[in-house]
Amino acid sequence: MAKRCKVTWLCGLCVVLALVSVATIVTLWTIALTGGGDVTAPWDRYRLPTDLVPEFYNITLWPRLKPNPNSGLYIFTGRSTVQFECLESTDLILIHSNKLNYTGMEDGHAVRLTAEGGESAPSIKKTWQQSQMQYLVIQLRSRLTRGQKYQLHAEFTGELADDLAGFYRSEYEEDGVRKIIATSQMHPTNARKTFPCFDEPAMKAVFHITLIHPPETVALSNGMEVDHETVTIDGQTLLQTKFEATEKMSTYLLAIIVSDYAHLNTTQGNTQIRIWARRKAIDQGQGDYALNVTGPVLDFFQSYYNISYPLKKSDQIALPDFYFGAMENWGLVTYRETNLLYDPETSSNSNKETTATIIAHELAHMWFGNLVTLRWWNEVWLNEGFASYVSYLGADHAEPEWHVKDLIVLDDVHKVFAVDALASSHPLTSKEESITLPEQIMEQFDTISYSKGAAVLRMLSDFLSESVFKQGLSSYLRHFSYGNTVGSDLWGHLQMAVKDNNVPLPHQVAAIMNPWVLQMGFPVVTIDTSTGKVSQNHFRLDPEKNVTVKSPYKYEWVIPVRWMKDGDVREDLWWLTKKEDLNVDMRTGPSWVLANINVTGYYRVNYDLGNWERLFSQLSADHQVIPLINRAQLVDDAFNLARAQLMPTSLALRTTSYLSQETEYMPWQSALNNLHYFELMLDRTEVYQPMQNYIRKQVNPLFLHFRNLTSNWTKVPEKHTDQLNHVNALRTSCRTGLRECQELTGMWFKEWMGSPERNLIHPNLRSAVYCSAVAAGGEAEWNFTWSQFREASVASEVSKLMSALACSNDTQLLDRYLRSTLNPAMIRKQDATSVITAVAGNREGHGLAWDFVREHWEYMFTEYGVGSFSFASLISGVTARFSTPADLQQLKDFVKEHEDLGFGSAALAVNQSLERTEANIKWVEQNKQVVLHWFTSQTEN
């Protein structure tokens, strides 16, 4: 009885244990499958917990501008203290840290923890670095107290590498002496490579910076220098510079620089403005234009936002090595030399325009982005789209005679249409949880965020009116100053302005804008003038490519339509609020209709065939009746509608027929951009020569127009856009084989080769002349250009020569040029992408560049990393000509071969290239014969 009883008890115990085990397994699987109660350790997640929030940092950094004699490495050492508040009790501190080595503190831990006000702080149990997530993990023996403030102290060493990320080094030669700059690029996730920090945009704090540096150098940071002190460390006499505390700001906006630069300065109101650059560049006056334009641009934005510039100073500095075009660090904006420096002797008016618009872009950020900052990187367009849009307004204020505001249509709207018409595009705002990895964050800084962001904000400003738009912006900036926002916050403040001004809208601002921001793509509006029917459809370059991403708005938009009939602009804005509607006023009979006046709307327009014919007749009879921007639009819309199989290609080509009468820049540039696609697809086929013949025939009158306007090339046109089109006339005439042009550029170049110290080629024309001469010449011309490139001291001239070297038709020279990108002493890392894509853009160099990238991808990816190599533009550039099944297979093989290594910030560009190639193959199959026949028929006489 007793034995049986024992067995029964054991059986019962086993059953209970089995049930508990099953329950545990079921619970764990339920958690795993439903996502409820995430069991991932906090240090294995890419986002910081919200338990702790930083208040201020005290940071001292000492960059060594000479290599360590033992390791040969350039290093920096640092000390930091961050004070943070505990919002929720926790026994874990997570702080970002990447590639930093810590000096052991008490008990051998990497950091030390103290509490404010003499309170006791928990002791540290364990510290370690989680390198994948880029965290320093600090486990405590007891919990932090809610509401208490603590300080985390650290001492560390990092490498002052040449990787263009975090605190890095840049090098240049001046008068035969090699010089080192210690500079920084914290954006978007590299402050953690400089000091331990809460490196997310919403974790704003105040920064107290001290820099230790050699006595002959100058130190700069976001705040004004407030104290200089001579110190002796390890027997070295050094300077210690302290800076005033920053405003409350995000980590990515911090800047620290040590150099022996010179500067120019002036004041605008209470703001000190300084331009910093290499001493020789300052002596040669290359910073003068930036100094002169900064004050007016700052004044414009203070007026536009109705908020004073928040800082005491505005420093801008030109760096020899820099990843982005520029970076809006608050109070210390960093630039590539080409974008800040302007030399009247060697820089073109196009360089001048670049300098003005990029300065305006960066200074726009001082409010929109810096004062008020996006909460997370899924809404990069809130920063970059806005700055891109208003940069045209700022530059227009500084240079009103340029009419630069119109150029947004070519430089941003048309450019982004090409990307946003792909099934692999993405919305302006992504889901927050989908953007977590550093490479995903970098991917967000693309054409969509900058150019589509600019285009939809311009559309919004247009239909609200600029005064209402500005009122809403000012309210938004005041309300969220020194804080963080999401896109819906902006809509709310614009809606208040709409209400205050009784602006008639079909829906609330958010309801109108959400389809433009939360779904990818854009519509094509189709107007049938025989019936007055107006409809919208999602515009896709490849209509056979299914869009797999579902949209809550079903790829429909609320569309503002400005339109005209027979040259008469309708005052009232008409709204297309559904898939299809009727506008009886657009039923026209013999009149023509033109919609999307000045391309203020972010959409394309198609018409019935009769209306297209009437528009062609108007272009032919008197093209100036059609507004200038819309002449550029008609060309761009027609070519892209044809690519999307919404109109015959021969009809699109007819938009270029009237160009022999056109002298304005925008329509010509639009046509050349679109014909460039034909050249990419067909320049290795029998279509190439008839196409060149046609373009030469159309551009010849433009060439003669500028020959007369410039008194046989001895003067410069007065109008800014005429100067730009002057270059188009020369470049296109030479490239398509106009003998007079080739002889002219060849003669100018030979004169320069004969007297290298006297370059009489006008700066505006140099890029076209250099390319034409190198293409027509041989090794002697190439070697001369290379030697001039190596010796040039003006960044814009370096850029022109660098592009020209890729124009050669000699494959051996092009191969030599490609290989020079592997040596940073020959081609700076920041320029390697530009060189490779320039060679790929050459008919003779395309295959070489693709082979080169395939051969060296692993080296580029691992050596250069995402900091210094723009992989997305590299992939797009080398695959731009892909139009055959063999090209597609090579691309697929390349993707498969490197899928383990990955493509980092180029992952999206790879998918877009695959999609583009598939579309190109179909286009060539369907259009090659039609295009050949059309070009041939146009030039037979």
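Reply: Val558 counts as buried, because its relative accessibility is 8%, under the 20% that sets the limit for a buried residue. The model is a predicted one, and this residue is found in the loop between β24 (533–538) and β25 (559–561).

What surrounds Val558 once its neighbours within four places in sequence are left aside? Its contacts are then Pro506, His507, Ala511, Ile512, Trp516, Trp575, Leu576 and Thr577. Ser474, by comparison, lies 84 residues from Val558 in sequence, and the two C-alpha atoms are 25 Å apart in space.

Among these contacts of Val558 are Ile512 and Trp516, and the helix α12 (residues 509–518) leads on to a helix pair. The axes of α12 and helix α9 (residues 447–464) come within 11 Å and cross at roughly 155°. An angle over 145 degrees counts as roughly antiparallel, and α9 is therefore roughly antiparallel to α12. The crossing of these two helices is right-handed. On the α9 side, the contact is made by Lys452, Val456, Met459, Leu460, Phe463 and Leu464; on the α12 side, by Val509, Ile512, Met513 and Trp516. Sorted by class, the contact of α9 with α12 has nine nonpolar residues, one charged residue and no polar ones.

Helix α16 (residues 665–682) packs with helix α17 (residues 688–709) at an angle of about 165°, their axes being 11 Å apart. These helices are therefore also roughly antiparallel to each other, but their crossing is left-handed. From α16, the residues Trp668, Leu675, Phe678, Glu679 and Leu682 meet Tyr688, Met691, Gln692, Ile695, Gln698, Val699 and Leu702 of α17. This contact has nine nonpolar, two polar and one charged residues.

Gln185 is placed in strand β10 (residues 177–185) and counts as buried because its relative accessibility is 2%. Its side chain reaches the backbone oxygen of His187 at 3.2 Å. Leaving aside neighbours within four places in sequence, Gln185 is in contact with Leu164, Ala165, Gly166, Tyr168, Asn190, Phe322, Phe324, Met327 and Thr334.

Definitions and conventions:
Residues numbered from 1 in each chain as written. Predicted model: local features only at pLDDT ≥ 70, side-chain atom pairs only at ≥ 80, totals over all residues. Heavy atoms only, no water. Axes fitted to C-alpha atoms, helices over the stretch in contact; angles between N-to-C directions. Helix = DSSP H or I, 4+ residues; strand = E, 2+ residues; numbered from the N terminus. Parallel < 35°, antiparallel > 145°, perpendicular 65-115°, else oblique. Left-handed = near helix turned anticlockwise from the far one by under 90°. Contact = heavy atoms within 4.5 Å. Nonpolar A, V, L, I, M, F, W, Y, C, P; charged D, E, K, R; others polar. Buried < 20%, exposed > 50% of the residue type's maximum accessible area, 1.4 Å probe, protein only. Polar contact = N/O pair within 3.5 Å; in protein donor to acceptor, adjacent residues only side chain to side chain.
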